[in-house]
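Morning, everyone. I have one structure to show, and I'll keep it brief. Please have a look at it first.

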Amino acid sequence: MKKSLLILLAGLALAACSKPEPKVMGRFVPERSDDFAWENEYVAYRLYGETLETANPGALVSPGFDVWMKDTAALIMNTRYKDELENNISYHKYYNGAKDCYKVGVSLGAGASAPLIDGQFAFAPTNYRSYDLLTGEYGTDSVAFVLHYPEWEAGGYKITLDKKIIVRAGTHFCTAEDTWTFSGPGETLSIAAGLVLHEVTDTLIGPDRLAVWEHASDMQVEPEDGMTGLAVILPGADSVYVSPELGHTIAVKAIRSGEKLTYQFGSCWSKANVPDAATWFNLVENEK
């Protein structure tokens, strides 16, 4: 009886000490030009930080989300950063379940947002400058953080952005809660959330959502590697459309200063669990 009790207690203690494998991650990456990276089992993203603004070579100021392709449920971004920096294995090449083959440039990339003033984007002149972790860097269900952009001027407005991102397990979508604070000639400011256009082969446009199916590689490092699906869902959007002039598909909504703009952005890879445009568009249409 005593031996059985000891075995039971030992098992309970072992179970209490063991930690479940994390399914989500969001962390500052100082070792790679102040990136901020996040992922779950299906998607992986990053935003560019301060050091990248003056990096040589490769300096870049852009609000755009960079999305990585992955075909494994494991968290891969830390490993791929380490391989790039310490083992000379570029994360632009497929290895260990993932690759970065998405071209952002100065754009919204794969789901960021920006003011739309007089029909043009008013991008911030800097990358994000600071951040707050609202949870731990790793979790089994979700992580959340806020990225802060310093004030800039555009079209007579003074504008600041605090971008909260929530990463949840088990979904192709993340949530952005953007708090735009501004002063200027109007009481409202139109904000566009969207996707830069690459080699798009199919497009979905709805009253509050947009999605594209496009080639997954910019073909500068490796040959083309499948297709990618990207999407933005903006509840209450005033308009959703493809803009060849801006080179983007966008959802636009006018907000007041201090009002949150809440939307979802998502992605997939045809070499993982979403094989074609029809499957991706069905996921987007059924996402709440």
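Which strand gives the largest share of the lining of the largest cavity? Strand 6 does, with three residues. Before I go on, the ground rules. This is a predicted model, where local features need pLDDT of at least 70, side-chain atom pairs count only at pLDDT 80 or more, and totals for chains, interfaces and linings use all residues. Residues are numbered from 1 along each chain as its sequence is written, and side-chain values use heavy atoms, with hydrogens and water left out.

Some terms. Helices (H or I, at least four residues) and strands (E, at least two) are DSSP runs, numbered from the N terminus. On a 1 Å grid over the protein atoms alone, a cavity is a set of points where a 1.4 Å probe fits but cannot get out. A pocket is an open set with protein on both sides within 12 Å along at least five of seven lines. Lining residues have an atom within 4 Å of a point. Grid points are joined across faces, edges and corners, and a volume is the space filled by probe spheres set on the points.

Back to the cavity. There is one cavity of 30 Å³ or more. The largest cavity has a volume of about 40 Å³. Its lining includes Pro63, Tyr149, Trp152 and Trp180. Strand 6 (110–117) and strand 10 are the elements that give two or more residues to that lining. By class, the lining has nine nonpolar residues, one polar and no charged. Here Ala, Val, Leu, Ile, Met, Phe, Trp, Tyr, Cys and Pro count as nonpolar, Asp, Glu, Lys and Arg as charged, and the others, Gly among them, as polar.

Now the largest pocket. Its volume is about 410 Å³. It is lined by 23 residues, and Arg46, Tyr48, His92, Asp100 and Tyr102 lie nearest its centre. The lining has ten nonpolar, five polar and eight charged residues.

Take Arg46 from that list. Arg46 is in strand 3 (residues 44–47). Is Arg46 buried or exposed? Arg46 is buried, at a relative accessible area of 2%. Buried means under 20% relative accessible area, exposed over 50%, partly exposed in between (1.4 Å probe, protein chains only). The Arg46 side chain makes a polar contact of 2.8 Å with the side chain of Asp35. It also makes a polar contact with the side chain of Asp100, at 3.0 Å. A polar contact is a pair of N or O atoms within 3.5 Å; within protein, one must be able to donate a hydrogen and the other to accept it, and residues adjacent in sequence count only if both atoms are side-chain atoms.

Next, the aromatics. Rings of Phe, Tyr and Trp (its six-membered ring) pair if their centres lie within 6.5 Å; planes under 30 degrees apart count as stacked, over 60 as edge-to-face and the rest as tilted. The count comes to 20 aromatic pairs. Phe36 and Phe145 have ring centres 4.3 Å apart and planes at 35°, so this pair is tilted. Phe36 lies in strand 2 (residues 35–39) and Phe145 in strand 10 (residues 142–154), so the pair ties together parts that are 109 residues apart in sequence. Phe36 and Phe145 are both buried. Ring pairs link them into a cluster whose members include Trp38, Tyr45 and Phe265.

Strand 19 (residues 260–269) has eight of its ten residues buried. Two strands pair if DSSP finds at least two bridges between them. Strand 12 (residues 173–183) pairs with strand 19 in the antiparallel sense over seven bridges. There, Cys174 stands opposite Phe265. Strand 16 (residues 227–233) also pairs antiparallel with strand 19, over six bridges.

Five strands form it in the order 7-6-13-18-17, with antiparallel pairing. Strand 7 (120–121) and strand 17 (239–243) are the edges, each pairing on one side only.

Last, some backbone details. Most residues other than glycine have a negative phi, and most peptide bonds are trans. The peptide bond from Asn56 to Pro57 is cis, with omega near 0°. Asp34 has a positive phi, near 65°, and is buried at 14% relative accessibility. Asn88 has a positive phi near 60°, but is exposed at 74%.
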